[in-house]
Amino acid sequence: VRAGSRSRPGARGGACPPAVPGYGCRGPAAAAMGKETIRVYARVKPLGRRQQAGSYSVDDEEPLPSLEIAVPRDLADGFINNKRESYKFKFQKIFGQEAKQDVIFDSIAKPVAECVLAGYNGTIFAYGQTGSGKTFTITGGAERYSDRGIIPRTLSYIFDQLQKDSSKVYTTHVSYLEIYNECGYDLLDPRHEASKMEDLPKVTIMEDSDQNIHLKNLSLQQATNEEEALNLLFLGDTNRMIAETPMNQASSRSHCIFTIHISSKEPGSATIRHSKLHLVDLAGSERVAKTGIGGHLLTEAKYINLSLHYLEQVIIALAEKNRSHIPYRNSMMTSVLRDSLGGNCMTTMIATLAMDKRNIDESISTCRFAQRVALIKNEAVLNEEIDPTLMIVQLKKEIQDLKYELALVTGKQRTSELSQEELLQLDELIETFLRDNDPDSSLDVGADMRKIKYCFVHMKQIINHPVTSGTKLLSQDISEEKNSNKEAGEELEKLKGLLQQRDNEINILVTMLKKERKKARDALSQLNAISAGSTVLEQSLSMSLEESQSPSRCFSLKEAKDLSSSVPRLPFLSRETGGKMSLGCQEAFEVFKRDHADSITIEDNKQLLKQRFDEAKCLGEKLNEVRNKINHLKGKVIQRQIQRAALGKS
């Protein structure tokens, strides 16, 4: 089964659609795109050493470039025959044998990549016979860096643009599907290290109720930069099925679809844009009678030609206006590329041509197929959807509002109190409502009865206190009252602590006075026998009485005399409290040290500690002297070593 069917004798080349302007998808008008025909390009493969060039010419002067192929009349068929001698086909652009890979990318793939970044789906696929340069165009060559194909250059361009655009948050995933003998395989499955094709996980097609195609077991690998994406591409290429045929030493025996999935979202926006770019490398058609292959290669050729035949059937059905059924389900490849052919996608085709005499018929079939593809119209739509997380938040809020309304209708009362945030929000709503001069304005607080009651209480406060209500709201009054009560409680606790401290100091002073009074009585009995010191005693009594008076305690004159007889004056009662320790606490501590039973032991320990400190200081000085001597000797040793080394070297 051949991919390109022969036309009837005398039939002309397929009509080409009118010129389609370049895809400008990064501007503001990108969202409004009507139906556009598939853009078709042609690329001529350079001839080999032993190949004879066919007769063809390229005309770039017309609105659309045209390719004219001349087929010389075969004398073996006789002089009288109806074969055409020239075929003329039109393309968007024709690339000659000297065209470079970067020119191919800038003209074909770059506009599609820009549309994908803007949120549209895109597809680029290469079609042609085996050995015509499809894989070289899509994937590229491995000999030189400049031979990179459309896929690596597209990855580099996309990640470069994503890095420059900081206004959106992008997420990128890639997938690599291989269709070999009408069976799908995942070339990027991380769980399998395949040594042969059958070890790869099989991909199956599933269709939902909306006729959307889903690929089961096809993994999506996230790629955050160009290096990760290229590593995934190289991994898939190593697992791809290739074989040597008479037409090509490394012929692709399967169809491969490399897909780039991009999701973008602006910060704070509720919409997400999803887009995907299919980069398709089709297996080449070949005539079994010409190549003479057999065995396993023959089976592969049958499946390849059959799938390409089904692809042409879909193309023919889409080109017909009144066709009701499109046979997408005939093959796996047409099912996967359903959106790319007559759907929501911006599709571009590259027809690869081998213009040598032996393959001139296959090149004409490829051009005819390209003309049929150029008649198909796709309608690309901006793929936007609401963020599921934001949608969940909105639905939860709506459910809560409905619960409030239901509680209001059924009369069910809520016992929980309003939070501080809710009270502040209500205050702002009330203040905005009061400042609004529009008579038709309304105060909407929802169906919560608690909020309605709070608003009524606040309105009542405004009516009763019109002066203060303009500046203070109810929640502010409540919060200020709580703060003032808290501050008053803290001040009360401080005063209680200070009062307790003063009571303790007074108790210590009373105890000290009692002890001193007892000692003063014992000393007074001895002083009474001396009459000459009565005058001095009276003066000391009067001075001690004045010094010992306290604002909290009052003592009798007799107790003051007894106290003054033993202690001429109490210095801690006349000294002002200027240090850290209060009056009573410091004096009580001095009395405690003096009267404690271990005071002598403490003094002895202090003297011993001082002696030990002096000894340690002397030992430290000796240690420093020894250390200095060691350092001096060490320096001499190093100097001697240096001198010996110098003498030995000389």
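Glu182 is partly exposed, because its relative accessibility is 26%, which falls between the 20% limit for buried and the 50% limit for exposed. The structure is a predicted model. In this model Glu182 sits in the loop between β8 (169-180) and β9 (183-186). The phi angle of Glu182 is positive, at about 60°, although Glu182 is not a glycine.

Asn217 also has a positive phi without being a glycine, with a value near 75°. The loop that holds Asn217 runs between β11 (213-216) and β12 (221-222). With a relative accessible area of 43%, Asn217 is partly exposed.

## The annotated binding site

An unreviewed UniProt entry lists a "binding site" made up of Gly128, Gln129, Thr130, Gly131, Ser132, Gly133, Lys134 and Thr135. Among them, Gly131 is placed in the loop between β7 (122-127) and α2 (134-138). Gly133 is found in the loop between β7 and α2 as well.

Are these two glycines buried or exposed? Gly131 counts as buried because its relative accessibility is 14%, under the 20% cut-off. Gly133 has a relative accessible area of 22% and is therefore partly exposed. Leaving out residues up to four places away in sequence, Gly133 touches Lys45 and Thr352.

Strand β3 (residues 55-59) and strand β4 (residues 66-70) run antiparallel and are joined by five bridges. A hairpin of six residues leads from β3 to β4. Within this pair, Asp59 stands opposite Ser66 in β4.

β4 is also paired with strand β5 (residues 86-90), again in the antiparallel sense and over five bridges. Here Ser66 stands opposite Lys90 in β5.

## Nonpolar cores

Which residues touch the most other members of the largest nonpolar core? They are Ile69, Phe91, Leu282, Met349 and Val373, in a core of 46 residues. A second, separate core has 40 residues, including Phe105, Leu155, Ile158 and Leu277.

For Val373, the contacts beyond four places in sequence are Ile38, Val40, Phe125, Ile315 and Met349. Met349, one of these contacts, is also named with Val373 among the residues that touch the most other core members.

## Helix α8

Val373 belongs to the buried residues of α8. This helix covers residues 360-373, 14 residues in total, and reaches 20 Å from its first C-alpha to its last. That span is close to the 20 Å expected at 1.5 Å a residue.

How many of the 14 residues of α8 are buried? Twelve are, and the helix is mostly covered. The buried residues are Ile360, Glu362, Ser363, Ile364, Ser365, Thr366, Cys367, Arg368, Phe369, Ala370, Gln371 and Val373. An α-helix has 3.6 residues a turn, so residues three or four places apart point the same way.

## Cysteines

The count of disulfides is zero. Cys183 is partly exposed because its relative accessibility is 28%, whereas Cys455 is buried, at 7% relative accessibility. A further cysteine, Cys367, is listed with the buried residues of α8.

Notes: Residues numbered from 1 in each chain as written. Predicted model: local features only at pLDDT ≥ 70, side-chain atom pairs only at ≥ 80, totals over all residues. Heavy atoms only, no water. UniProt positions renumbered as here; feature names shortened; annotations may be inferred. Helix = DSSP H or I, 4+ residues; strand = E, 2+ residues; numbered from the N terminus. Buried < 20%, exposed > 50% of the residue type's maximum accessible area, 1.4 Å probe, protein only. Contact = heavy atoms within 4.5 Å. Core = buried A, V, L, I, M, F, W, Y, C linked by side-chain atoms within 4.5 Å. Pairing = 2+ DSSP bridges. Disulfide = S-S within 2.5 Å. Expected span 1.5 Å × (residues − 1).
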